[in-house]
Amino acid sequence: SGSMHHHVPPELLDAGLVLTNWGDLPADGVAEGSLALLLTLLKDVPATIADVAAGGWNSTPRRRGFLTGARVGVYGCGVIGRRFCELIAPFPPEVAVFDPYAPAVPPGTRPVGSLAELFDHADIVVLHAGLTDETRGAITADLLARLPDGGILINTARGGLVDQRALF
């Protein structure tokens with residue numbers, strides 16, 4: 001399951017060893033973590049903490065933006081991606097979802113046909129896709145360049161989804 005199968009000798013798998021992961025157990029925590037990271041960045045909490053730590057206080061709250069009305073792209077609409085969409089729905093942002101294997105997208109979101117369309121739509125992209133040969137390195141320099149200045153990429157999925165050189 002997932003990336004674990006590389007750590008188990010094929011003979012054990014061929015002999016019928018059942019190898020599984022946590023299933024849906026971490027979905028709520030990962031989706032909540034994605035939301036926490038997103039809100040932290042939108043409210044520019046790191047800069048506020050740095051101001052206070054340096055002895056200053058900015059009486060005007062720093063903000064990079066708001067989730068309400070934001071254009072959010074979600075890549076991956078399994079259990080975690082769906083839960084994330086549920087968590088952000090009350091704000092409400094404009095949400096586009098790309099997952100070629102999802103039979104449907106959550107209520108209040110709209111499907112898009114490609115990652116390029118997803119990145120063209122979004123100011124914020126949140127990654128919840130699984131890591132497969134097909135998705136490894138799927139987030140390329142071209143896609144990242146489609147985000148606007150100040151755009152946000154949240155990856156609480158797998159690091160291998162993103163071309164790290166392009167990101168840096």
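Visitor: Hi! Leaving aside its neighbours within four places in sequence, which residues is valine 72 in contact with?
Guide: Valine 72 is in contact with Leu67, Phe84, Ile88, Pro93, Glu94, Val95, Ala96, His121, Ala122, Ile124 and Val126, once neighbours within four places in sequence are set aside. Contact here means heavy atoms within 4.5 Å. Before we go on, this is a predicted model, where local features need pLDDT of at least 70, side-chain atom pairs count only at pLDDT 80 or more, and totals for chains, interfaces and linings use all residues. Residues are numbered from 1 along each chain as its sequence is written, and side-chain values use heavy atoms, with hydrogens and water left out.

Visitor: Okay! Which residues have the most contacts inside the largest nonpolar core?
Guide: Valine 72 turns up again there: Leu38, Leu67, Val72, Phe84 and Ile124 have the most contacts inside that core, which has 20 residues. A nonpolar core is a set of buried Ala, Val, Leu, Ile, Met, Phe, Trp, Tyr and Cys residues joined through side-chain atoms within 4.5 Å. Buried means under 20% relative accessible area, exposed means over 50%, and partly exposed is in between (1.4 Å probe, protein chains only).

Visitor: And which helices and strands each supply at least two residues of this core?
Guide: H2, strand S1 (71-75), H4, strand S2 (94-98), S4 and S5 each do. Those labels are DSSP runs numbered from the N terminus: helices are H or I with at least four residues, and strands are E with at least two. A second, separate core has 18 residues, including Leu118, Val125, Leu127 and Leu144.

Visitor: Tell me about S1. How many of its five residues are buried?
Guide: Four of the five residues of S1 are buried, so this strand is largely enclosed by the rest of the structure.

Visitor: In what sense do S1 and S2 pair?
Guide: S1 and S2 pair in the parallel sense, over five bridges. Two strands pair if DSSP finds at least two bridges between them. Valine 74, for example, has valine 97 in S2 as its bridge partner.

Visitor: Switching to H2: how many residues does that helix have?
Guide: Helix H2 covers residues 27-42, which makes 16 residues. From its first C-alpha to its last it reaches 23 Å, close to the expected 22 Å. That expected span is 1.5 Å times one less than the number of residues.

Visitor: Which residues in H2 are buried?
Guide: Ala27, Ala31, Ser34, Leu35, Leu38 and Leu42. They cover an arc of only 95 degrees around the axis, which puts them on the same side of H2. The arc is that of the directions from the helix axis to the C-beta atoms.

Visitor: What do those buried residues pack against?
Guide: They pack against helix H4 (79-88), strand S4 (124-127) and strand S5 (152-155). Beyond its neighbours within four places in sequence, serine 34 is in contact with Phe84, Val126, His128, Ile154 and Thr156. Glycine 29, also in H2, is partly exposed at 47%.

Visitor: What comes just after H2?
Guide: Aspartate 44, which takes a positive phi of about 50 degrees.

Visitor: New topic! How many salt bridges does a search of the whole structure find?
Guide: The search finds five. A salt bridge is a side-chain nitrogen of Lys or Arg within 4 Å of a carboxyl oxygen of Asp or Glu. Side chains of opposite charge can pair when their charged atoms come close.

Visitor: Which residue does arginine 71 form a salt bridge with?
Guide: Its partner is aspartate 123, with the closest N and O atoms 3.1 Å apart. The pair links distant parts of the chain, 52 residues apart: arginine 71 is in strand S1, and aspartate 123 is in the loop between helix H5 (115-121) and S4.

Visitor: And where are aspartate 120 and arginine 146?
Guide: Their side chains meet in a salt bridge (2.9 Å, N to O). Aspartate 120 lies in helix H5 and arginine 146 in helix H6 (residues 141-146), so the pair ties together parts that are 26 residues apart in sequence.

Visitor: Last one: which residues are linked in a network of salt bridges?
Guide: Asp28, Arg83 and Glu86 are. Glutamate 86 and arginine 83 have their closest N and O atoms 3.0 Å apart. Both lie in helix H4, three residues apart, about one turn of the helix.
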